[in-house]
Amino acid sequence: MPTRARLLEVQRSIAANVRRWRARGGLTQEALAEAAELGPVHLRKVESGTENVTVATLVALADALEIKPGALLRKARLAEPKPGRPRKSRLGRSKDPTNEA
């Protein structure tokens, strides 16, 4: 029986690979979740490495990403999350404070 540490290592590799392939394909989490017929919360948990992935989920993600399921099992490192809240995007905001719509 594999140790808990080994299971977490594989789970994090899957998370890193899903995130990498999703970004490479230019997909948002929502778009990938829809294509794989998964809930967006479930996909977020998979990508964060906190969800125990079933074979069915692994195959659905691989099919949606148009890759072989084995590609998601390759050893990879999940980036450590940055502390704090993400910064708000300034896209779409006018730089001129007098230009109010």
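Tutor: Helices (H or I, at least four residues) and strands (E, at least two) are DSSP runs, numbered from the N terminus. This is a predicted model, in which local features need pLDDT of at least 70, side-chain atom pairs count only at pLDDT 80 or more, and totals for chains, interfaces and linings use all residues. Residues are numbered from 1 along each chain as its sequence is written, and side-chain values use heavy atoms, with hydrogens and water left out.

Student: Which pattern does the chain follow along the sequence?

Tutor: The chain holds 4 helices and 0 strands. Read along the sequence, the pattern is therefore written with helix symbols, since helices and strands are DSSP runs numbered from the N terminus. That pattern is α-α-α-α.

Student: Where is Gly 25 placed, and is Gly 25 buried or exposed?

Tutor: Gly 25 sits in the loop between α1 and α2 (29–35). Buried means under 20% relative accessible area, exposed over 50% and partly exposed in between, using a 1.4 Å probe and protein chains only. Because Gly 25 has 52% relative accessibility, it counts as exposed.

Student: What distance separates the C-alpha atoms of Gly 25 and Leu 65?

Tutor: Along the chain, Gly 25 and Leu 65 are 40 residues apart. Between their C-alpha atoms, the separation is 7.4 Å.

Student: How are α1 and α4 oriented, roughly parallel or roughly antiparallel?

Tutor: Axes are lines fitted to C-alpha atoms, for helices over the stretch in contact, and angles run from 0 to 180 degrees between N-to-C directions. Angles under 35 degrees count as roughly parallel, over 145 as roughly antiparallel, 65 to 115 as roughly perpendicular and the rest as oblique. The axes of α1 (residues 4–24) and α4 (residues 55–65) come within 10 Å and cross at roughly 20 degrees. Therefore α1 and α4 are roughly parallel.

Student: Which residues of α4 meet α1?

Tutor: Contact means heavy atoms within 4.5 Å. From α1, the residues involved are Ile 14, Val 18, Trp 21 and Arg 22. Their partners in α4 are Leu 58, Leu 61 and Leu 65.

Student: How is α1 oriented to α3?

Tutor: The axes of α1 and α3 (residues 40–48) lie 6 Å apart, and the helices pack at an angle of about 115 degrees. So α1 is, relative to α3, roughly perpendicular.

Student: Which residues of α3 meet α1?

Tutor: On the α1 side, Ala 15, Val 18, Arg 19 and Arg 22 take part. They meet, in α3, Leu 43, Val 46, Glu 47 and Ser 48.
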